[in-house]
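Hello,

Here is the structure we talked about handing over. Please load it first, then read my notes below.

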Amino acid sequence: MPDKIRIKKGLDIPLAGKPSDEISLDFSKGLFAVYPDDFPGPVWKAVVKPGDSVSAGQPVLVDKNSPMIALVSPVSGIVKEVNRGERRHIQFISVESDGKENSTEVTPVGPSEEEICNALKQSGLWAMMRQRPYDIVPQDRVAPRDIFVTAFDSAPLAGEMLDEDLKPQLEKGLEILSRLTSGKVYLGIRAGQNITSKVAEVFEFEGPHPAGNVGTQIAAIKPVNKGETVWTLDTATAARIGKLFAGNTLDFHTIVAVTGPKVMNPHLVKTIIGVSIKSLLNGFLDSDKGLRIISGNVLTGIKVSEDGFLHYPYRQVTVIEEGDEADEFMGWASMNPGKFSVKRTFPAFLRGLSKPFDFDARIKGGKRAMILSGEYDKVFPFDIYPEYLLKAIMAKDIDRMEKLGIYEVAPEDFALPEFVDTSKIELQKVVRDGLDYLRKELS
């Protein structure tokens, strides 16, 4: 029996638009894209140009400093666009799928640690993992103390993390990961989730979001201290690793949840990583204006247009109302029972949380100085002081950052504090900037 850990601090946001369990559609054709900014740490450069033919698994971007580390095309087809922004920074590379199952031939992998690492780097699976500290793609030649794998996503309206087709490969993936660390591989599962392992040490988590965040699981099992490095990933990536080493096959299929109160018939879609948003939402929006489309969940996702693509690592698209045309009687002081409040400011708490709320994108307030009221602590299940850590980051005080736990956290860990924050500060951006600054100063 796995050890059970109860997460007491957190919040499950009752957002309307939960998807059904039935996989209703299958999109494997059209446009797909890779966003290099979804993979922080390396300095990416393109190795393809518009018009090139590529196979699934063929590199389209490589790290300038470690060319072995690659981002690969999820499909076979023709490179449609290498989209650049300011200073020729690559925004994304899009590929038009030919609908075929052509994939790059994978060389059989040997048993040594170096051969395993090289295979992961060349296949693009290395870039799908993360390293703490800094929440970046694992640095080359930095061995992890431990590896943490999460098997569920507790974010609002999130679907299942692991495709049924990949489940048989999970144990093989965990076994491969165990060869890359002198420590342990930890697997965090949801209470009642039927996943076992002979290789990994399994922990069962119950409680509200962020119980599914790998950072929460690390903090509860074995926190990261200064000078230590751990790797993190989800079970979908671990299963892809297992499939690569079991049969020399790359598989970029995924299940995407199309969710939110402004989606007609929220559903699941079987598709491929990097799918276009338009193909996911075509015919399922109940309006053609005033909507916010989010690649991911409402807490950590990225705002995109209908012409955009699904960002990594998200397996979810959420559509809510923008709220810019909202006209409420008495505005913020309205006693509307349909308005959600963490602090019971509005009477909605009397009806309970069984009936979902139709949230919109308004922040309902202006940015102001941080208030040390302890409101972050109620939804932040780490044994650190979030307000003081954030203030140290804003002040760029490296010594205090280290003492207050900067090496343990990632931006997503501050998503709920950002949601309940009365000061309306972009806490996730503050943490991301702080981690980048710390890495730059200490490298």
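Glu160 is exposed, at 52% relative accessibility. In this predicted model, Glu160 forms a salt bridge with Arg190, and the closest N and O atoms are 3.6 Å apart. The pair links distant parts of the chain, 30 residues apart: Glu160 is in the loop between strand 11 and helix 2, Arg190 in strand 12. Arg190 counts as partly exposed, at 29% relative accessibility.

Asp153 pairs with Arg315 in a salt bridge, with 3.9 Å between the closest N and O atoms. Arg315 sits in the loop between strand 18 (302–304) and strand 19, and Asp153 in the loop between strand 11 and helix 2, so this pair ties together parts 162 residues apart in sequence. Arg315 is buried, with a relative accessible area of 15%.

The whole structure has 26 salt bridges. Among them is Asp360 with Arg362, closest N and O atoms 2.8 Å apart. Arg362 is partly exposed, at 29% relative accessibility.

Next, helix 2 (residues 170–178). Its buried residues are Leu170, Gly173, Leu174, Ile176 and Leu177.

Last, the surface. Leu372, Tyr385 and Tyr388 form a nonpolar patch there, with about 350 Å² of accessible area together. Tyr385 is in the loop between strand 19 (316–321) and helix 6 (386–394). Tyr385 is exposed, with a relative accessible area of 56%.

Best wishes

Definitions and conventions. Residues are numbered from 1 along each chain as its sequence is written. This is a predicted model: local features need pLDDT of at least 70, side-chain atom pairs count only at pLDDT 80 or more; totals for chains, interfaces and linings use all residues. Side-chain values use heavy atoms; hydrogens and water are left out. Buried means under 20% relative accessible area, exposed over 50%, partly exposed in between (1.4 Å probe, protein chains only). Helices (H or I, at least four residues) and strands (E, at least two) are DSSP runs, numbered from the N terminus. Patches are made of residues with over 30% relative accessible area and no salt bridge: like charges are joined within 9 Å, nonpolar side chains (Val, Leu, Ile, Met, Phe, Trp, Tyr) within 5 Å. Accessible areas come from the Shrake-Rupley method with a 1.4 Å probe; for residues, only the protein chains shown count as cover. A salt bridge is a side-chain nitrogen of Lys or Arg within 4 Å of a carboxyl oxygen of Asp or Glu.
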